[in-house]
Amino acid sequence: MKSKQFIAIEDKYGAHNYHPLDVVITRAKGIWVWDVDGRKYLDFLSAYSAVNQGHCHPRIIKALQTQAKSLTLTSRAFRNDQWPMLAKELCQMTGYEMVLAMNSGAEAVETAVKTARKWAYQKKGLAQDTAEIIACANNFHGRTVTVISFSTEPLYRKDFGPFTPGFKIIPFNDAEALEKAITPNTAAFLVEPCQAEAGILIPTEGYLKRAKEICEKNKVLFIADEIQTGLGRTGKLLACEHEGVRADMIVIGKSLGGGCYPISAVLADQAVLGVFKPGEHGSTFGGNPLACAVAREALRVIKDEKLVANAAKQGQYFLGRLKTIKSRHIKEVRGKGLLIGIELYPEAGGARRFCEALKDAGLLCKETHDNVIRFAPPLIIKKEELDWAYQRIAGVFTKLET
Ligand SMILES: *Cc1c(COP(=O)(O)O)cnc(C)c1O
């Protein structure tokens with residue numbers, strides 16, 4: 001079957017909750033993907049950073065296959081021999097004392113919210129049902145009802161109410177607003193170290209540090225959603241490290257699953273994650289041995305292949321190259337590590353048409369909101385491959401200049 005037929009079937013039977021580019025991928029390896037018509041593309045999105053290690057990484061696939069043949073699921077009613085090892089390795093790698101595993105990013109954010117609330121009642125002494133959590137405008141933390149309850153994006157919220165109470169919104173990158181918003185009932189401040197979905201918004205240097213100090217002073221948990229920025233994407237293992245900040249709780253997901261199996265996690269110290277007692281929270285698939293075996297290898301690949309350093313080095317190089325593109329459509333090129341955005345002027349006709357043109361030129365990326373083109377290639381990418389991408393991108397800007 002050709003692309004057109006698959007697209008027609010998907011549009012007929014699949015719910016229309018996405019607006020994908022019309023490329024039907026059937027095979028992938030490393031940074032490359034192939035469509036059903038045999039065309040080859042460079043993946044410049046990495047499934048929103050879930051494929052940081054590259055597609056079908058041989059070591060990760062081998063770990064998946066080996067584990068699949070011996071044990072896949074026990075539920076947490078019983079113990080298995082993979083979860084303890086992942087828990088230990090994750091804690092050693094990130095420097096936290098405890099971890100709780102879930103499946104999707106949104107679930108892990110929900111878990112962080114539940115943890116913060118329980119912590120506030122047990123450790124901070126708040127009266128039942130009074131805990132508040134502060135989040136930032138234009139955040140993206142996932143799609144469950146509680147998580148969209150503190151979204152400011154009308155598209156994510158419309159017709160999904162009633163919402164979960166207990167959240168307060170302040171502007172991103174505004175430490176003073178945080179200080180003002182904190183009350184005796186504030187349990188936590190939840191923030192993305194860089195707002196990726198909002199258009200690759202990088203906060204002013206010092207913001208995270210200041211925000212962390214304010215939280216500490218007020219006995220408020222600082223929660224970093226590192227689902228997209230974490231595990232190397234921005235050139236540090238955790239994006240908070242750029243400012244020397246150690247969050248009280250971090251949420252990771254996406255590339256923790258090595259691009260092939262969903263797994264997410266919340267990490268914190270015993271004083272915070274220790275609030276959970278048996279039965280108070282859980283997930284049938286959370287911490288399952290297949291996910292854990294994959295995640296263990298996914299983490300080892302990040303370490304062995306020095307993907308964090310590569311993201312820093314190639315990101316800096318590529319950002320510099322992109323900044324040389326002269327186009328009347330470009331308002332700003334910005335990024336950190338290999339998380340890069342090109343913001344277009346509203347008059348440019350939207351980022352979507354640039355992404356369509358880039359697709360035709362063999363490079364797959366996706367607009368975020370209307371006017372930002374997001375680039376997030378797998379972290380295994382090399383300089384020559386970025387040069388190849390640069391040629392395509394520069395070419396598209398020349399072509400669409402008029
Ligand atoms: C992708 C993402 C999520 C949600 O993860 P899912 O696995 O899609 O539920 C949450 N926060 C951030 C910052 C993300 O990038």
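## The ligand and its surroundings

An N or O atom in the side chain of Lys254 lies 2.6 Å from an oxygen atom of the ligand. This is a polar contact, a pair of N or O atoms within 3.5 Å. The model is predicted: local features need pLDDT of at least 70, side-chain atom pairs count only at pLDDT 80 or more, and totals for chains, interfaces and linings use all residues. Residues are numbered from 1 along each chain as its sequence is written, and side-chain values use heavy atoms, with hydrogens and water left out.

| Residue | Protein atom | Ligand atom | Distance |
|---|---|---|---|
| Lys254 | side-chain N or O | oxygen | 2.6 Å |
| Asp225 | polar side-chain atom | nitrogen | 2.7 Å |
| Phe140 | backbone N or O | nitrogen | 3.3 Å |

Taken alone, the ligand exposes 380 Å², and the protein buries 81% of that. These areas come from the Shrake-Rupley method with a 1.4 Å probe.

Now the domains. Domain 1 covers 3–56 + 307–399, and domain 2 covers 58–304. The bounds come from an automatic or database domain assignment. Their centres, taken over C-alpha atoms, are 26 Å apart. In domain 1, 29 residues are in contact with 31 residues of domain 2. Contact means heavy atoms within 4.5 Å.

Methods. Polar contact = N/O pair within 3.5 Å; in protein donor to acceptor, adjacent residues only side chain to side chain.
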